[in-house]
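Below is a short briefing on one protein chain, arranged by topic. The sequence and coordinates come first, then the notes.

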Amino acid sequence: GDALSDVHGAKSGRRLKRHRLHMTLLYLDTFPTIPETYLQHAMETGDEIAARPFDLSLDTAGSFRNNNVPWWIGCSIVPASLTELHRQLYTGMRMRGEKARGGASLTPHVTISYTNREMLPRTPIAPIHWRVDEMCLIDSVMGKREFDILKTWKLREDG
């Protein structure tokens, strides 16, 4: 984030704290309070995931055009394992009659800052290696800069 801000002259964004950095695999929905059955379906879907740990490389940065102008880092080549993990989550929720706001498509990214004034053009960065060996169900607390980890699943070599 610092290097991107230095190169692109942007000092306006609000950086995410390290403990909040994550990659969303499937954006489920927005609720004032999560319905118990929806939460149960999300946990059942996570319990059924069959996936092995895999590697990905965060090697590009950019921003989305919306009110917050979020800057992100992501992968120029999406590993098939990541696409498959997303497909299993999406299909599991749909089979339980639940929608997922993020839909069937995946734009893998880690948001690093919000409220930037400037758009960040797609920019190559020095690769950051990430060994993906777990996934979590996260409840983002609306209106606050925090979230709760509701459950974590380890990806298994026998997955």
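Glu 44 and Arg 96 form a salt bridge, with their closest N and O atoms 3.0 Å apart; the term requires a side-chain nitrogen of Lys or Arg within 4 Å of a carboxyl oxygen of Asp or Glu. Glu 44 belongs to helix 2 and Arg 96 to the loop between helix 3 and strand 4, so the pair ties together parts that are 52 residues apart in sequence. Helices (H or I, at least four residues) and strands (E, at least two) are DSSP runs, numbered from the N terminus.

The model is predicted: local features need pLDDT of at least 70 and side-chain atom pairs count only at pLDDT 80 or more, while totals for chains, interfaces and linings use all residues. Residues are numbered from 1 along each chain as its sequence is written, and side-chain values use heavy atoms, with hydrogens and water left out.

**Salt bridges**

- The structure holds seven salt bridges.
- Glu 48 also meets Arg 96 in a salt bridge, at 2.6 Å from N to O.
- Glu 48 lies in helix 2 and Arg 96 in the loop between helix 3 and strand 4, so this pair ties together parts that are 48 residues apart in sequence.
- Through shared partners, Glu 44, Glu 48 and Arg 96 are joined into one network of salt bridges.
- A salt bridge at 2.8 Å, N to O, links the side chains of Asp 47 and Lys 151.
- Asp 47 is in helix 2 and Lys 151 in strand 7 (residues 147–154), so that pair ties together parts that are 104 residues apart in sequence.
- Buried means under 20% relative accessible area, exposed over 50%, and partly exposed in between (1.4 Å probe, protein chains only).
- Glu 48 is exposed at 53%, whereas Glu 44 is partly exposed at 27%.
- Asp 47 is partly exposed, with a relative accessible area of 45%, and Lys 151 is partly exposed at 27%.

**Helix 3**

- Helix 3 covers residues 80–95, 16 residues in all, and reaches 22 Å from its first C-alpha to its last, close to the 22 Å expected at 1.5 Å a residue.
- That expected span is 1.5 Å times one less than the number of residues.
- Its buried residues are Leu 82, Leu 85, His 86, Gln 88, Leu 89, Gly 92 and Met 93.
- These residues cover an arc of only 155° around the axis, which puts them on the same side of helix 3; the arc is that of the directions from the helix axis to the C-beta atoms.
- Ala 80 and Met 95, on the other side of helix 3, are exposed.
- The buried residues of helix 3 pack against helix 2 (36–48), strand 2 (54–63) and strand 6 (134–140), where contact means heavy atoms within 4.5 Å.

- Five strands form an open sheet in the order 1-4-3-2-5, with antiparallel pairing; two strands pair if DSSP finds at least two bridges between them.
- Strand 1 (14–15) and strand 5 are the edge strands, each pairing on one side only.
- Strand 2 is mostly covered, with seven of its 10 residues buried.
- Strand 2 runs antiparallel to strand 5 (residues 123–132), and seven bridges join the two.
- Leu 58 has Ile 128 of strand 5 as its bridge partner, and Ser 57 has His 129.
- Four bridges join strand 2 to strand 3 (residues 71–74), again antiparallel, and Ser 63 stands opposite Trp 71.

**Nonpolar core**

- The largest nonpolar core has 30 residues, and those with the most contacts inside it are Leu 4, Leu 28, Phe 54, Leu 56, Ile 73, Leu 85 and Met 135.
- Such a core is a set of buried Ala, Val, Leu, Ile, Met, Phe, Trp, Tyr and Cys residues joined through side-chain atoms within 4.5 Å.
- Helix 2, strand 2, strand 3, helix 3, strand 4 (109–114) and strand 6 are the elements that give two or more residues to this core.
- Not counting residues up to four places away in sequence, Leu 85 touches Leu 25, Ile 49, Ala 51, Phe 54 and Met 135.

**Loop between strand 2 and strand 3**

- Asn 68 is found in this loop and is partly exposed at 36%.
- Leaving aside neighbours within four places in sequence, Asn 68 is in contact with Tyr 114, Thr 115 and Asn 116.
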